[in-house]
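Please keep the structure open beside the text as you read.

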Amino acid sequence: MDISVGGYRTRLPIMCTLVEDGGRLMLFDTGDRAGAQLVEGLKRLKYSADDVTHVFLTHFHGDHAGAAHLFNRAVKIASRR
């Protein structure tokens with residue numbers, strides 16, 4: 001994700017964790033709204049967004065939950081807060 005702070009531009013990594021457990025493919029956080037890097041990463045691992053069965057959202061900042069909309073088939077799990 002590109003950001004600008006105090007006139008300086010930099011790129012920050014968006015961290016997501018993918019866990020395969022038996023028949024489940026679980027994703028912890030989704031990164032930014034576009035989700036391009038995440039989709040490309042899944043593709044390199046021979047998966048698609050439709051293969052993900054569960055999405056866990058640690059919190060609702062855009063850089064953590066922004067691409068949740070790409071995982072329509074997945075069960076989404078998050079706190080109420």
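Which residue in β5 is the bridge partner of Leu-27? The partner is Val-55. Please bear in mind that this is a predicted model.

**The hairpin of β3 and β4**
- Strand β3 covers residues 17-21 and strand β4 covers residues 24-28, and the two pair in the antiparallel sense over 5 bridges.
- Asp-21 has Arg-24 of β4 as its bridge partner.
- Between the strands of this hairpin there are 2 residues, and Gly-22 takes a positive phi near 60 degrees.

**From β4 to β5**
- β4 also pairs with strand β5 (residues 54-57), here in the parallel sense and over 3 bridges.
- To get from β4 to β5, the chain passes through helix α1 (residues 36-44), and this β-α-β crossover is right-handed.

- Asp-29 is found in the loop between β4 and α1, and its phi is near 70 degrees, a positive value in a residue other than glycine.
- Is Asp-29 buried or exposed? Asp-29 counts as buried because its relative accessibility is 6%, and the cut-off for buried is under 20%.
- Lys-46 lies in the loop between α1 and β5, and Lys-46, a residue other than glycine, has a positive phi near 70 degrees.
- Lys-46 has a relative accessible area of 73%, so Lys-46 is exposed, the cut-off for exposed being over 50%.

Note on methods:
Residues numbered from 1 in each chain as written. Predicted model: local features only at pLDDT ≥ 70, side-chain atom pairs only at ≥ 80, totals over all residues. Heavy atoms only, no water. Pairing = 2+ DSSP bridges. Helix = DSSP H or I, 4+ residues; strand = E, 2+ residues; numbered from the N terminus. Right-handed = clockwise from strand over helix to strand, strands pointing away. Buried < 20%, exposed > 50% of the residue type's maximum accessible area, 1.4 Å probe, protein only.
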